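Subject: Structure handover

Hello,

Here is the structure I said I would pass on. My notes follow it.

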Amino acid sequence: MSNKTTSSNKYRGYDINTGKDNNLTCNTKTLDQIVDTVECMTKKHSKVLCTRVDIHSEQDSENIIGGKEMTRILENTKRNINSKFKESPNKPDLHVIWTTEKTSEDNNPHYHALFLTNGHAIRNGFTIYET
């Protein structure tokens with residue numbers, strides 16, 4: 001099964017970065033997740049905070065973060081943030097989109113996560129990083 005990609009500089013009406021010469025591709029499934037989530041959040045909240053987090057395994061480590069570990073990391077992060085703001089009048093309404101990137105066969109995969117939250121509840125990305 002192959003992943004559908006696009007090298008167009010527009011997708012669903014939005015500008016996307018596909019390189020100066022449109023020589024970089026973007027996975028359309030990930031783009032759909034991003035567009036759908038951003039549109040949903042901006043309809044629900046007048047302020048939305050987007051925070052990108054890159055997650056890598058320790059360099060030269062035999063403990064490589066895989067998909068299961070990544071899911072566990074993100075679920076723990078969501079649980080901790082929701083717990084931290086449970087008494088707040090503004091709930092975080094946290095959504096996460098993540099993808100794997102492996103730049104070569106020799107390298108361990110690393111992950112890009114995009115956290116979208118109610119900007120009235122969480123006002124700066126450091127709250128995500130410290131959790």
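Which residues does aspartate 93 touch, not counting residues up to four places away in sequence? They are Met41, Lys44, His45, Leu116, Thr117 and Asn118, where contact means heavy atoms within 4.5 Å. I come back to this residue below.

First, the basis. This is a predicted model, in which local features need pLDDT of at least 70 and side-chain atom pairs count only at pLDDT 80 or more, while totals for chains, interfaces and linings use all residues. Residues are numbered from 1 along each chain as its sequence is written, and side-chain values use heavy atoms, with hydrogens and water left out.

Overall

The chain has 3 helices and 7 strands; helices (H or I, at least four residues) and strands (E, at least two) are DSSP runs, numbered from the N terminus. Along the sequence the pattern is β-β-β-β-α-β-α-β-β-α. The C-alpha atoms fill a box of roughly 45 × 45 × 25 Å, taken along the principal axes. Of the 131 residues in the chain, 33% are buried; buried means under 20% relative accessible area, exposed over 50%, and partly exposed in between, with a 1.4 Å probe and protein chains only. Among contacts between residues at least 6 apart in sequence, 55% join residues at least 24 apart.

The sheet

An open sheet is formed by 3 strands in the order E5-E7-E6, with antiparallel pairing; two strands pair if DSSP finds at least two bridges between them. Strands E5 (48–55) and E6 (95–101) are the edge strands, each pairing on one side only. From one strand to the next the twist averages 15°; axes are lines fitted to C-alpha atoms, for helices over the stretch in contact, and angles run from 0 to 180 degrees between N-to-C directions.

E5 is joined to E7 (residues 110–118) by 8 bridges.
- Cysteine 50 has leucine 116 of E7 as its bridge partner.
- Aspartate 54 has histidine 112 of E7 as its bridge partner.
- Isoleucine 55 stands opposite tyrosine 111 in E7.

E7 is largely enclosed by the rest of the structure, because 8 of its 9 residues are buried. E5 has a covered face made of Leu49, Thr51, Val53 and Ile55, and an uncovered one made of Val48, Cys50, Arg52 and Asp54. Helix H1 (residues 28–44) lies across E5, E6 and E7, and runs at about 165° to E6.

The largest pocket

The largest pocket has a volume of about 880 Å³. On a 1 Å grid over the protein atoms alone, a pocket is an open set of points where a 1.4 Å probe fits, with protein on both sides within 12 Å along at least five of seven lines, and lining residues have an atom within 4 Å of a point. Grid points are joined across faces, edges and corners, and a volume is the space filled by probe spheres set on the points.

There are 23 lining residues, and the closest to the pocket centre are Asn27, Thr30, Thr99, Thr100 and His112. Strand E4 (26–27), H1, E6 and E7 each give two or more residues to the lining. H1 gives the most, with 6 residues. By class the lining has 8 nonpolar, 11 polar and 4 charged residues; Ala, Val, Leu, Ile, Met, Phe, Trp, Tyr, Cys and Pro count as nonpolar, Asp, Glu, Lys and Arg as charged, and the others, Gly among them, as polar.

Residues in loops

Most residues other than glycine have a negative phi. Aspartate 93 has a positive phi of about 50°, and is placed in the loop between helix H2 (67–84) and E6.

Threonine 18, in the loop between strand E3 (14–15) and E4, is buried, with a relative accessible area of 1%. Leaving aside residues up to four places away in sequence, threonine 18 touches Thr6, Ser7, Ser8, Asn9, Asn23, Leu24 and Cys26.

Regards
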